[in-house]
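Have the structure open as you read them.

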Amino acid sequence: MVSFPSVYLSIEHAIGAHTLIMLGMNSSGYILYRPQFETLTRGMWLLYAATDSYRESLFKQMSMESEIQVKDNINLSQMLKHLEKSKAPKHIIEHLIEFRDL
């Protein structure tokens with residue numbers, strides 16, 4: 001499943017943030033919340049809202065140019081709009097939107 005690596009990376013960011021905060025490194029811990037949000041949003045979008053052609057493009061052998069082209073194809077705000085219209089769990093999407101708006 002193409003969304004798994006992104007969601008797993010989000011979990012790693014959460015563990016890292018928690019660990020750093022528990023060690024008293026609050027600034028370094030809190031800074032990980034943004035990449036955690038971004039990777040979770042991307043994973044949810046890949047799972048629930050991405051087009052088949054976008055998912056397939058992630059499996060192709062990528063050059064530096066094609067990687068930049070795929071990543072620039074959609075931003076987080078667009079992903080969240082697509083997720084709102086998808087079958088993704090609405091309560092999770094609401095929390096992602098709330099976090100974005102902080």
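**Notes on helices, contacts and rings**

1. Buried here means under 20% relative accessible area, exposed over 50%, and partly exposed in between, with a 1.4 Å probe and protein chains only.

2. A word on the basis: this is a predicted model, where local features need pLDDT of at least 70 and side-chain atom pairs count only at pLDDT 80 or more, while totals for chains, interfaces and linings use all residues. Residues are numbered from 1 along each chain as its sequence is written, and side-chain values use heavy atoms, with hydrogens and water left out.

3. The whole structure holds 4 aromatic pairs. One of them joins Tyr30 and Tyr33, which are tilted, with 5.6 Å from centre to centre and 45° between the planes. (Rings of Phe, Tyr and Trp, the last by its six-membered ring, pair if their centres lie within 6.5 Å; planes under 30 degrees apart count as stacked, over 60 as edge-to-face and the rest as tilted.) Tyr30 is partly exposed at 46%, and Tyr33 is partly exposed at 33%.

4. Back to Phe99: its ring pairs with that of Phe37, and the pair is tilted because the planes stand at 40°, with the centres 5.1 Å apart. The two residues link distant parts of the chain, Phe37 in helix 3 and Phe99 in helix 7 (residues 90-100), 62 residues apart. Phe37 is buried, at 5% relative accessibility. Helices are DSSP runs (H or I, at least four residues), numbered from the N terminus.

5. How do helix 3 and helix 6 pack, and at what angle? Helix 3 (residues 33-48) and helix 6 (residues 76-84) pack at about 45°, with axes 10 Å apart; the two are therefore oblique. (Angles under 35 degrees are roughly parallel, over 145 roughly antiparallel, 65 to 115 roughly perpendicular, the rest oblique; axes are lines fitted to C-alpha atoms over the stretch in contact, and angles run from 0 to 180 degrees between N-to-C directions.)

6. Contact means heavy atoms within 4.5 Å.

7. Finally, look at Ala17 in helix 1 (residues 4-22). Ala17 is buried, with a relative accessible area of 0%. Beyond its neighbours within four places in sequence, Ala17 is in contact with Gly29, Leu32 and Tyr33. Ala17 and Gly29 are 12 residues apart in sequence and 4.1 Å apart in space, C-alpha to C-alpha.
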